[in-house]
Amino acid sequence: MIVSKFGGTSVGSANNINKVIEIISNKKEKVIVIVSAFSGITNLLIKASQLAVQGDKQYVSVIQEIEKKHIDIIEGLFDKVNQTKSKVFVIKTLTKLGGVLNGILLLNDLSDKSMAKIVSTGETISSFIIYEAMKDKGLHANLLDSTKLIKTDSNYSNALVNYKETYSNIKTFISKQKNNIVVASGFIASDDKGNITTLGRGGSDFTAAIFANAVNAKVLEIWTDVSGMFTANPKLVKEAKPIEQISYQEAMELSHFGAKVIYPPTIQPVLDKKIPIIIKNTLLPSDKGTLITDNNKGNKSTIKGISHIEDIALLTLEGNGMIGVPGISKRLFEALLQENINVKFITQASSEHSICIAIDIIEAKKAKLAVDNQFELEIIQHKVNPLIIESDLVIIALVGDNMKAHQGVSGKMFSSLGNNNVNIRAIAQGSAENNISAVIIKKDVKKALNSLHVTFFENHIKQINLFIVGVGNVGGMLLEQIQQQQNYLLDHLHINMRVIALSNSKKMLFDEKGIDLVNWKSQLGNNGKKSNFDDFISQVKKLNLRNSVFVDTTANDKLPSFYASYLKESIAVVACNKIACSSEYNNYQNLKLLSREYNAPFLFETNVGAGLPIIDTLQNLITSGDEVTQIQAVLSGSLNFIFNNFDGKSSFFNVVEQAGTEGYTEPDPRVDLSGVDVMRKILILLRESGKVMELGDIENKSFLPQLSLEADSIDDFMETLKKEAIHFDSLRKNAEEKNCRLKYVAEYKDGKAQVGLQHIPKDHPFYNLDGKDNIVLFYTHRYKDQPLIIKGAGAGADVTASGIFGDIIRTANK
């Protein structure tokens, strides 16, 4: 025999009830069907009773709403000619209910006894309608009023079952049934005087478990609206998946910590006889569901699930007067017991200086009054501090019977949380080692659950969430490259890269599910909101996604001031913007320190040489113990492009204009031509090699005439290039007369650094540096005679974007 329980959502509509009937009709064994009230009905019954006791006649309209819901279902289940019997039953039952509620209104009194009678109406009606529907479909079924068989004490709202009498009643009744199907109401019972009682929270599950025990059922089926127990809450963790098999203990642990598929106390009757439980989806009956058994030996999975409880308060009792004093814990828990406060989590430091417990937030004020009253004398004597309450917290828990056989589970758990800036307020693990629990801040719960799920369930697929500011030449190319490589990253590097936000100077766009990179331009244009750096970072913090990366592809001088705020949230920063790393040394150093402190990568490979691995190579040299003694470099792809193309066929103005059109210069070409950009780059290399220097320490031998240096705007500057054409032509001619080429060179030697235009002879490595290429010569203790040379394209949107892309991928390996 099988016992099948169907919850409120499973019987919440005519369509769902037809699915229930189809499921039952396919059973070959005898089956006892336990049903809950239709979805939402119990809440309406409670609402009606509350209105009545308050003297509000609006309870009548609530009864009418209840009636309509049932009539609608009846009309969806039966042909017109077969609806009458069920409709009459509903109307008669609700008429009696109206009389009870009217009495409550007149007496202004709502007892537990009356309340039990009221809420029992839902199951009474639902079981009758479903029974009639089964008969209408040709099934041979009997209807059972559970109040006739399940006997309890007179605690009407949460009755204790008389198991001996109840089991005997059920066995006798079932033995006399000739039909294969029995439909019974869940949740309700009666005392020895025949008064209706209810079985409390999870009452329908309890009813089903009682029947399963009494008839030695082959299995207890719990049909609901999800396909079993999941590895995490699928509403918060999209990658959560059903658990195929789990032990009783694991199921109860997960349920205790928020997995609401079953309520642990109610399934005790089946545990007593080790009857398997299977959780199934009424809407998707072919899904496997979750099998809960006593035997979990065949399953080698370390972690079965991650669960959480919200709306938690953490209470801390501490004080020097607690150390070595027996009875402190006893008094604490007695104080809570007297107020009927349930403790969900306990931890105590070995120093005995403090005890932390977690309770429901709604109980916090009551708990503080009780505990402070219990320890009033010790508080006055300053031996114990008044109870400390922290709110807006959540308990998260890893659950798995096999944790005890595996080392490092807690290490992986806390490492995953720490890497994502999830602060842990308290930790607990029992000696059974099937549960590791931690208390965290509520705003971090989604990030924490997803981080842990990736760590323990997702084959190490790492989700990277990008927040990109700047979608011009470089930013646009970066988005194109990400779109092109998304499948490759997922298949080969196990990286799921998503762009969550985009911003240009006018608009910003956020999409927590990820922006479609095929049409990002139209989305930003049509759906974007006004761009603002403060609003942008506020939204990033609010989303609080794991493995977040802020990407700055701009040359904006204000945006780098926000880097520190991102790093403090454990949000990685990837920047091609050179402002931050060439700012005051203390600011540069602070960003590096914040990166280490908050385990948030701060990467800026493209600050020097676009996509060339210059900074990475330099960092490897320094990390391995080498020291830079001299640097010679052409670090401006823009200036190299300009002077390589300034061959007398075009004016200097035209060549600079061409460089800007092709995206080689900064938006403001003065940054390149003034030498400031190269100064920043050599400064960054020197700082990365361990030198403490400021931008002002670098000598700038500018080739620009005074008129160009004094220009107030970009347009004025470009105009001076026309007016000073003779000056620029003379620079070119002087170099040609010496059989040299003009190169803008950055140098460091003997503790001094300078940048400036130089005549490069034919035998020099820089002479044949063509196009937009960069070249760097590192002289070190290891590379004394022959320098380490890095050469390649040092400008252009495509190579700069690829360098940023590379840094983003590096953040995945933090």
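Visitor: Why is Glu719 called partly exposed?

Guide: Glu719 has a relative accessible area of 37%. Buried means under 20% and exposed over 50%, with partly exposed in between (1.4 Å probe, protein chains only), so Glu719 counts as partly exposed. Before we go on: this is a predicted model, where local features need pLDDT of at least 70 and side-chain atom pairs count only at pLDDT 80 or more, while totals for chains, interfaces and linings use all residues. Residues are numbered from 1 along each chain as its sequence is written, and side-chain values use heavy atoms, with hydrogens and water left out.

Visitor: What makes Glu29 and Lys218 a salt bridge?

Guide: The N to O distance between their side chains is 3.2 Å. A salt bridge is a side-chain nitrogen of Lys or Arg within 4 Å of a carboxyl oxygen of Asp or Glu, so the pair qualifies. Glu29 lies in the loop between α1 (14-25) and β2 (31-35), and Lys218 in the loop between α7 (203-214) and β7 (219-224), so the bridge ties together parts that are 189 residues apart in sequence.

Visitor: How do you know whether Asp444 is buried or exposed?

Guide: Its relative accessibility is 2%, so Asp444 counts as buried. Asp444 forms a salt bridge with Lys443, with the closest N and O atoms 3.4 Å apart. Lys443 itself is exposed, at 54%.

Visitor: Why is helix α24 described as largely enclosed?

Guide: Because 12 of its 13 residues are buried, the rest of the structure largely encloses α24. Among those buried residues are Val678, Ile682 and Leu686. Helices here are DSSP runs (H or I, at least four residues), as are strands (E, at least two), numbered from the N terminus.

Visitor: How does the span of α24 compare with the expected one?

Guide: From its first C-alpha to its last, α24 (residues 676-688) reaches 18 Å, close to the 18 Å expected at 1.5 Å a residue. That expected span is 1.5 Å times one less than the number of residues.

Visitor: What ties α24 to a part elsewhere in the sequence?

Guide: Lys578 and Asp677 meet in a salt bridge at 3.2 Å, N to O. Asp677 is in α24 and Lys578 in the loop between β22 (572-575) and α19 (585-597), so the pair ties together parts 99 residues apart in sequence. Lys578 and Asp677 are both buried.
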